[in-house]
Amino acid sequence: MSVLEIKNLHVNVETEQGTREILRGVDLTINEGEIHAIMGPNGSGKSTLAYTIAGHPKYTVVDGEILFDGENVLEMSVDERARAGLFLAMQYPVEIPGVTVTNFLRTAKTAIDGEAPSVRTWVKDVRESMANLKMDKAFAERNVNEGFSGGEKKRNEILQLELLKPKFAVLDETDSGLDVDALKIVSEGVNRAKANTGLGVLLITHYTRILRYIKPDFVHVFVAGRIAEQGGPELADRLEEEGYDRYQVAEPAAVESVPAE
Ligand SMILES: Nc1ncnc2c1ncn2[C@@H]1O[C@H](COP(=O)(O)OP(=O)(O)OP(=O)(O)O)[C@@H](O)[C@H]1O
Ligand SMILES: [Mg+2]
């Protein structure tokens, strides 16, 4: 059984003004098949947590650990993390000019599995997943995310999720910018992945509407670089009604100047 454990995670980022501490002691355990939603104000460090799990080089872990099935994730390169079964759907997916969606998916699948997928089943799988996500076939030959609308980019992230079959997925505001139909289609994609592979999910969102389709087991409130409260799905409804005032962020969100050495 897969488990992702985040313990006392402290993360800094270097800025032109000096070092800023963004994550300030995050503790979180996600078991296989569990869905954890993270909600919190802008700038509280949610994407920083997502990038740190994925291994973005801008973020320096200064304390704490991330373990995946007991293995030290922080010692792994980005591609080792992907091969271990970690997946990130980005808040702002990047464009990759010159690389078609087809080539990208096939290259990623080959890198993750250590061998090329069989041509016949792969072509069928790609077609089927694109059809499931109501993506026009033409997208297969377009360059990754180039000229895609906001919602099309999010759908393309979930296409990768369906085909690469990770054990654990971080979805960073995958619902933002989706129309009502697309929200449903994308949510169904996530639920399918969960049903097929027992996926564990960390779902970052500002809105409860996606939680009607993807039912969270736990909701965490993220404020100023750490988890301020956790509860069940009812917590999400309360947050939508009341906002984050009760957590009284006395200092600017998630920042604290650390003197340069
Ligand atoms: N590379 C960076 N350089 C400078 N500041 C950064 C960098 N990355 C993050 N930060 C700062 O860290 C804080 C947390 O950012 P982060 O993107 O993690 O917030 P978030 O909770 O995802 O917000 P949102 O809900 O708006 O997506 C912000 O104040 C942001 O400006
Ligand atoms: Mg963010």
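Analyst: Helices here are DSSP runs of H or I with at least four residues, numbered from the N terminus. Thr107 sits in one of them, helix 3, which spans residues 101–113. Keep in mind that this is a predicted model.

User: Thanks! Why does Thr107 count as exposed?

Analyst: The label needs a relative accessible area over 50%. Thr107 has 54% relative accessibility, so Thr107 counts as exposed. As for its position, Thr107 is 23 residues from Ala84 in sequence, and their C-alpha atoms are 16 Å apart in space.

User: And why does Gln91 count as buried?

Analyst: Here the cut-off is under 20%. Gln91 has a relative accessibility of 16%, so Gln91 counts as buried.

User: What makes Ser47 and Gln91 ligands of the magnesium ion (ligand 2)?

Analyst: A donor N, O or S atom has to lie within 2.8 Å of this metal. Ser47 (OG) and Gln91 (OE1) coordinate the magnesium ion at 2.0 to 2.2 Å, so both meet that limit. Ser47 belongs to helix 1 (residues 46–54), while Gln91 is in the loop between strand 6 (86–89) and strand 7 (96–100), so the pair ties together parts 44 residues apart in sequence.

User: Why is helix 1 described as mostly covered?

Analyst: Seven of the nine residues in helix 1 are buried, and the cut-off for each is under 20% relative accessible area.

User: Why is helix 5 called roughly parallel to helix 6?

Analyst: Angles under 35 degrees get that name. The axes of helix 5 (residues 150–164) and helix 6 (residues 180–197) cross at roughly 15° and come within 10 Å, which makes helix 5 roughly parallel to helix 6. Their crossing is left-handed.

User: Which residues of helix 5 and helix 6 make the contact?

Analyst: Helix 5 contributes Arg155, Ile158, Leu161 and Glu162, and helix 6 contributes Ala182, Ile185, Val186, Gly189, Val190, Arg192 and Ala193. By class, seven are nonpolar, one is polar and three are charged. Gly189 is in this contact, and Gly counts as polar.

User: At what angle do helix 3 and helix 5 pack?

Analyst: They pack at about 35°, with axes 10 Å apart, and the crossing is right-handed. Val101, Phe104, Leu105, Ala108, Lys109 and Ile112 of helix 3 meet Asn156, Leu159, Gln160, Leu163 and Leu164 of helix 5. These residues divide into eight nonpolar, two polar and one charged.

Terms used:
Residues are numbered from 1 along each chain as its sequence is written. Chains are lettered from A and ligands numbered from 1 in the order in which they are written. This is a predicted model: local features need pLDDT of at least 70, side-chain atom pairs count only at pLDDT 80 or more; totals for chains, interfaces and linings use all residues. Side-chain values use heavy atoms; hydrogens and water are left out. Donors are N, O and S atoms within 2.8 Å of the metal (3.2 Å for Na, K and Ca); water is not among the atoms, so sites may look incomplete. Helices (H or I, at least four residues) and strands (E, at least two) are DSSP runs, numbered from the N terminus. Buried means under 20% relative accessible area, exposed over 50%, partly exposed in between (1.4 Å probe, protein chains only). Axes are lines fitted to C-alpha atoms, for helices over the stretch in contact, and angles run from 0 to 180 degrees between N-to-C directions. Angles under 35 degrees count as roughly parallel, over 145 as roughly antiparallel, 65 to 115 as roughly perpendicular and the rest as oblique. A crossing is left-handed if the near helix is turned anticlockwise from the far one by less than a right angle, and right-handed if clockwise. Contact means heavy atoms within 4.5 Å.
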